[in-house]
Amino acid sequence: MQNLPSRVVIKALAIFIIVTALLAFMASKLVIDIGLKRHYMVLLMWTPALGAFVACKLSGVSIKSLGWGWGAARWQFAAYILPALYGLVAYGILWGSGLGGVLDAKFIEKAGYHLGLVGWSETATLLWAVFIFAGVGMTWHLASALGEEIGWRGFLTPALMRFMSLPLASLVTGLLWALWHLPIILFTQYNAGPTDMGLQIANFALMSVALSFIMTYLRLRSGSLWPAAVLHASHNIFILSLLDPMTVKYEDTWRYAGEFGIILPLVMAVLALYVWRRAHREGLTARSGVHTPQAGAEI
């Protein structure tokens, strides 16, 4: 938002933070009181988008400036495939080290029941589940992830980069993103269990910041919020719906597996450092790296 007066951007940021926080509080309370039901989780995931829309409306920033263009196909492909790659690296380390087992029979059983695959072999069930979850399931996951990414990468990233470099903007966005998750981490089953919550939150925050670096880079290179939405959806598919459920959990596996263990956040942190260096070489780390139009302007 480099063409907007600073006071307009500051006003928009303040409105976004306040409105998103209030809406997220109410939606989180619903999720906490009722449970991790899909429809209430989608409502929570759309609170950043609603915050962005209100901030744009009240501060005079065009909603068209949030990065709606689809962008080049290569960025969408990269966004889709990256979670599968870093997920396989992280879980390959987990499985190879013996800290967790590969291919839990319960996952095959549940997937077969959920997809109605009566009489199918384990191999066929697994292959079909991967195809359905990673393919058809993308529609659902993209629709829900879009709500977050309109706010975090569509609005917040370019607004922060009006005043901050890429590393600092990514760090701030990642920490706010982790904080936004905190109520459901603490008060629902969206965690690795009740043990050592401080460590789990630290691991989740590291993952959020690392993912924020990657998504900020994609936002800058593509000029679009869609690669971030695709990556977010793909992450939820490959990590939460496939790799983690198919892992055999031992007594201490929770310390290493998933979003609340240490391996995945560390793998993603290494990837984030690579992305940071690449962004620096490409001249993307300075302030105002995302071009957006002036208030009320047309794209």
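Select glutamate 282, which counts as partly exposed because its relative accessibility is 34% (buried means under 20% relative accessible area, exposed over 50%, and partly exposed in between, with a 1.4 Å probe and protein chains only). This is a predicted model, in which local features need pLDDT of at least 70 and side-chain atom pairs count only at pLDDT 80 or more, while totals for chains, interfaces and linings use all residues. Residues are numbered from 1 along each chain as its sequence is written, and side-chain values use heavy atoms, with hydrogens and water left out.

Arginine 221 belongs to helix H8 (residues 197–222) and glutamate 282 to the segment after helix H10 (263–281), so the pair ties together parts that are 61 residues apart in sequence; helices here are DSSP runs of H or I with at least four residues, numbered from the N terminus. Arginine 221 is itself partly exposed, at 31% relative accessibility.

Arginine 278 has a relative accessible area of 29% and is partly exposed.

Next, move to aspartate 244 and lysine 249, a salt bridge whose closest N and O atoms are 3.7 Å apart. Lysine 249 is partly exposed, at 40% relative accessibility.

Finally, select Asp196, Asp252 and Arg255 together, since a network of salt bridges links them. The whole structure holds 7 salt bridges.

Key: A salt bridge is a side-chain nitrogen of Lys or Arg within 4 Å of a carboxyl oxygen of Asp or Glu. Helices (H or I, at least four residues) and strands (E, at least two) are DSSP runs, numbered from the N terminus.
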